[in-house]
Amino acid sequence: MKAIALLGSTGSIGTQTLDIVAQYPDQFRIVGLAAGRNVEMLAAQIRQFRPSIAAICEEEKLSELKEAIKDLDPQPVLLAGQAGVIEVARYSDAQIVVTGIVGCAGLLPTIAAIEAGKDIALANKETLIAGGPVVLPLVEKYGVKLLPADSEHSAIFQCLQGVKMGGLRRILLTASGGAFRDLPVEKLATVKVADALKHPNWSMGKKITIDSATLMNKGLEVIEAHFLFGMDYDHIDIVIHPQSIIHSLIELQDTSVLAQLGWPDMRLPLLYALSWPERIHTDWQQLDLVKAGNLTFKEPDHQKYPCMQLAYTAGRAGGSMPAVLNAANEQAVALFLEEKIEFLDIPRCIEYVCDRHQSDNRPNPSLDDIVAADEWARQEVLAARDKIGRDRLLFLS
């Protein structure tokens, strides 16, 4: 059985990973769990999967967690805070670490896992977007496998199996279009949080659902694809595919195009990351192309989705700029979810912060540079919010 340490166990990625482990107990076992703050769910997971070590990120919740499982025998090692999450990530018995933590918070635990020689099932795209210049050399240094566990990059990875070095010509990332794909651009100024959280195809956490509505998720995936597969930005394209049946495509040097298809279900890329290079037989619903019906495609509207171009620009700038883009996006999305800014203020805030960083962009950032850029960008978003608010008042007056 493959021993798994799972980071972000109570989130969408985490719970679906545990569904897989529960369904295939002869293939996988959980040795470590780490969660953010949901004590009740984490305690239930500890009871069911009996890990040797578990951590909760919010330190003040540790005593509550200890109380919730005090009757268990044997007791797992219980830790708290980021240091505790890092200990789970590098736990000695784990063979592979699933990184389901949302946002840049997953960067340091992922680095710790790599340095401990663990293979990574990467469901946290921010790890590469913010930390690619640091993470990739570590992957090579420690000889670990970095296996994509999100649907788009898993699709590319699956299509590349058997393709020789130099055979790849172009990557095509498919995008559902998010909650507002059928909404005229002029109506975006009045949309609310509840509207943006109504994803037509996927069931995901709030942050990534908002990223899907702005299409920043696809821009971030462009940067991730650049780091994962070594393609330059001129050869990574985005296409809107409303049905979410084709999860991404690759074009080869002879213009052949390969695609990976399946129902919108995150369990499939997670299972492939955990089982690679093997394929495990499942009883999941098979894809029925007749039932799926028409598969359609269209070019993304850059006026409607300015975040895409912001991501391409940041990716091409390189250095610490992608870390700034990512942090600015995380902070702006958090403000939108708290109803402190409007939907269209998300790209405005990001653009303001990235523009401010141009003169300070570090071409070869260290981990300390990336962490500092991340912290700076989050603070700058607050300044951007205030400036946008003042500009709006001046315009209305």
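1. Contact here means heavy atoms within 4.5 Å. The note concerns a predicted model, in which local features need pLDDT of at least 70, side-chain atom pairs count only at pLDDT 80 or more, and totals for chains, interfaces and linings use all residues. Residues are numbered from 1 along each chain as its sequence is written, and side-chain values use heavy atoms, with hydrogens and water left out.

2. Not counting residues up to four places away in sequence, Glu 221 touches Lys 125, Asp 150, Glu 152, His 153 and Leu 173. Glu 221 belongs to helix H10; helices (H or I, at least four residues) and strands (E, at least two) are DSSP runs, numbered from the N terminus. With a relative accessibility of 2%, Glu 221 counts as buried. The classes used throughout are buried for under 20% relative accessible area, exposed for over 50%, and partly exposed in between (1.4 Å probe, protein chains only).

3. Which residues carry the UniProt annotation "binding site"? The unreviewed entry gives Asp 150, Glu 152 and Glu 221. UniProt positions are given in the numbering used here, feature names are shortened, and annotations may be inferred rather than shown by experiment. The annotated residues are spread over 72 residues of sequence but cluster in space, the largest C-alpha distance being 9.6 Å. Asp 150, Glu 152 and Glu 221 are also part of the lining of the largest pocket. A pocket is an open set of points on a 1 Å grid over the protein atoms alone, where a 1.4 Å probe fits, with protein on both sides within 12 Å along at least five of seven lines; lining residues have an atom within 4 Å of a point.

4. Asp 150 sits in the loop between strand S7 (146-148) and helix H7 (151-160). Its relative accessible area is 8%, so Asp 150 is classed as buried. Beyond its neighbours within four places in sequence, Asp 150 is in contact with Leu 122, Glu 221, Glu 224, Met 266 and Pro 269. The side chain of Asp 150 also makes a polar contact of 2.7 Å with that of His 153. A polar contact is a pair of N or O atoms within 3.5 Å; within protein, one must be able to donate a hydrogen and the other to accept it, and residues adjacent in sequence count only if both atoms are side-chain atoms.

5. Glu 152 lies in helix H7 and is buried, at 10% relative accessibility. Leaving aside neighbours within four places in sequence, its contacts are Leu 173, Thr 174, Lys 218, Glu 221, His 247 and Ser 248.

6. Side chains of opposite charge can pair when their charged atoms come close. A salt bridge is taken as a side-chain nitrogen of Lys or Arg within 4 Å of a carboxyl oxygen of Asp or Glu, and by this rule there are 21 salt bridges. One of them joins Arg 37 to Glu 58, with the closest N and O atoms 3.0 Å apart. This pair links distant parts of the chain, 21 residues apart: Arg 37 is in the loop between strand S2 (28-35) and helix H2 (39-49), and Glu 58 in the loop between strand S3 (53-56) and helix H3 (62-68). Arg 37 is partly exposed at 49% relative accessibility, and Glu 58 is partly exposed at 25%.

7. A further salt bridge connects Asp 374 and Arg 378 (2.7 Å, N to O). Both residues lie in helix H16 (residues 367-396), four residues apart, about one turn of the helix. Asp 374 is buried, with a relative accessible area of 10%. Elsewhere, salt bridges with shared partners join Lys 125, Glu 152, Lys 218 and Glu 221 into one network.

8. How many aromatic pairs does a search of the whole structure find? It finds four, where rings of Phe, Tyr and Trp (its six-membered ring) pair if their centres lie within 6.5 Å, and planes under 30 degrees apart count as stacked, over 60 as edge-to-face and the rest as tilted. Phe 336 and Phe 343 form an edge-to-face pair, 5.6 Å centre to centre with 65° between the planes. Phe 336 is buried at 2% relative accessibility, and Phe 343 is buried at 4%. Ring pairs also link Phe 157, Tyr 272 and Trp 276 into a cluster.

9. Finally, Asp 232 is in the loop between helix H10 (216-229) and strand S9 (236-240) and is partly exposed, at 36% relative accessible area. A polar atom of its side chain lies 3.0 Å from the backbone nitrogen of Asp 234, and a polar contact of 2.8 Å joins the side chains of Asp 232 and His 235.
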